[in-house]
Amino acid sequence: MSGFDKSWLALREPADLAARDPGLVERTLSWLSQKERPVIVDIGCGTGSSVRALGTKFPPDLQMDWRLVDYDSELLSEARRQLGDDGFEYHQVDLNQLEDLPLEGASLLSASAFFDLASARFCEEMAALVAERHCAFYAALNYDGKVEWNHPHPLDSEVVRDFNQHQRMDKGLGCALGPQAVAHLQGAFESLEYRILVAESPWDLGEEQAMLQQEMLKGMVGPILEIGRLGPAEVDDWLAFRLDRVHEFSSCRVGHLDILALPSD
Ligand SMILES: C[S@@+](CC[C@H](N)C(=O)[O-])C[C@H]1O[C@@H](n2cnc3c(N)ncnc32)[C@H](O)[C@@H]1O
C-alpha cells in the first residue's frame with residue numbers, strides 16, 4: 001500500500017480531469033499523433049487516470065500502447081480491472097529503482113499528481129533518462145502551493161504555509177520538491193534543450209465537490225499538526241470553520257501546474 005487509496009483517487013479524478021490544461025493535452029496528443037504506434041509510460045499511475053484523461057481523446061484510428069507503472073499492487077490491480085489488458089501493460093516498480101523502469105521504445109513519459117512527491121535528484125535523473133531516449137515528457141496536476149478560499153479565516157495563510165512545508169518532506173523519493181516541482185523540472189529540461197510549456201490547472205471546487213473539499217481539509221490536519229507550529233485546538237477551530245462552509249456557497253481554489261517538455265527536432 002502506498003497510502004494513496006483508490007477511493008481518494010476516485011474522489012479527486014473528476015476534479016483532476018476538469019483541471020488539466022486543455023492546451024497542453026492537445027499539444028501532447030498532437031506530438032504523439034506523429035508517431036506510428038506511440039508507447040506511453042505513465043509513472044505513479046494509480047488506477048490509470050492518465051489513460052482516462054488522454055486515451056479517450058486520441059483519434060480512434062491511432063493505436064497506442066500504455067505501460068502503467070506504480071509500486072502499489074492494489075492500485076495496479078484496480079487499474080487493470082478498469083482498463084483490461086488490450087493495449088496495457090502493468091509494471092510494479094518502485095521508482096527508487098529507475099533502472100527497472102520499462103522505457104524501451106517509449107514515446108512519452110507521463111505522470112499526474114506525482115512530481116510534487118519527488119526530489120530534485122529524482123527529477124534530474126528522470127529528465128536525463130527521458131532525453132536519452134528523445135522522448136516527450138508530460139506531467140499534469142503538480143500542486144503549486146496556492147490554496148485560497150472565498151470565505152477567509154484568520155489562520156488560512158499559516159495553515160497553507162505549514163501544509164506546504166510538510167509537502168517538502170520526504171515522501172519516499174528523497175526530500176520532496178512539493179510546490180517547487182515544476183520550476184525544477186523546467187530547469188532540468190531547459191538544460192537538455194527541450195521546448196517547455198507550463199500552464200495552470202487549478203481545482204476550482206464548489207458545493208458540488210463538497211466531499212472532495214471535506215476529505216482534502218481533513219487530510220491537511222495531520223501534516224499541519226506534524227509541523228507543530230499551530231496547536232490542536234487552533235487547528236480544530238480552523239477545520240470546523242472550513243467544514244461548516246463547504247455547503248454554503250463557498251469555493252476553494254487549489255493551484256496546480258502542468259508541464260509539457262518536447263525534444264527539439
Ligand atoms: C497522488 S497519487 C496519483 C495517482 C495517479 N497518477 C492519479 O493522478 O490519480 C501518486 C501515485 O504515485 C505512486 N508512487 C508514489 N511513490 C512511488 C514510488 N516510489 N514508486 C512507484 N510509485 C509511487 C503512488 O502509489 C500513487 O499511485
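Guide: Glu-78 counts as buried, at 11% relative accessibility; buried means under 20% relative accessible area, exposed over 50%, and partly exposed in between, with a 1.4 Å probe and protein chains only. This is a predicted model, in which local features need pLDDT of at least 70, side-chain atom pairs count only at pLDDT 80 or more, and totals for chains, interfaces and linings use all residues. Residues are numbered from 1 along each chain as its sequence is written, and side-chain values use heavy atoms, with hydrogens and water left out.

Visitor: With which residue does Glu-78 form a salt bridge?

Guide: A salt bridge is a side-chain nitrogen of Lys or Arg within 4 Å of a carboxyl oxygen of Asp or Glu. Glu-78 pairs with Lys-6, and their closest N and O atoms are 3.8 Å apart. The pair links distant parts of the chain, 72 residues apart: Lys-6 is in helix H1 and Glu-78 in helix H4 (residues 73–83). Helices (H or I, at least four residues) and strands (E, at least two) are DSSP runs, numbered from the N terminus. Lys-6 is partly exposed, with a relative accessible area of 48%. Lys-6, Glu-78 and Arg-81 are linked in a network of salt bridges.

Visitor: How many salt bridges does a search of the whole structure find?

Guide: The search finds 15.

Visitor: Where do Asp-156 and Arg-242 lie?

Guide: Asp-156 forms a salt bridge with Arg-242, the closest N and O atoms being 2.8 Å apart. Asp-156 lies in helix H6 and Arg-242 in helix H9, so the pair ties together parts that are 86 residues apart in sequence. Asp-156 is buried at 11% relative accessibility, and Arg-242 is buried with a relative accessible area of 3%.

Visitor: How is the length of a helix checked?

Guide: The expected span is 1.5 Å times one less than the number of residues. For the 18 residues of helix H8 (residues 210–227) this gives 26 Å, and the end C-alpha atoms are 26 Å apart, which agrees. H8 is followed by Gly-228, whose phi is positive, near 85°.
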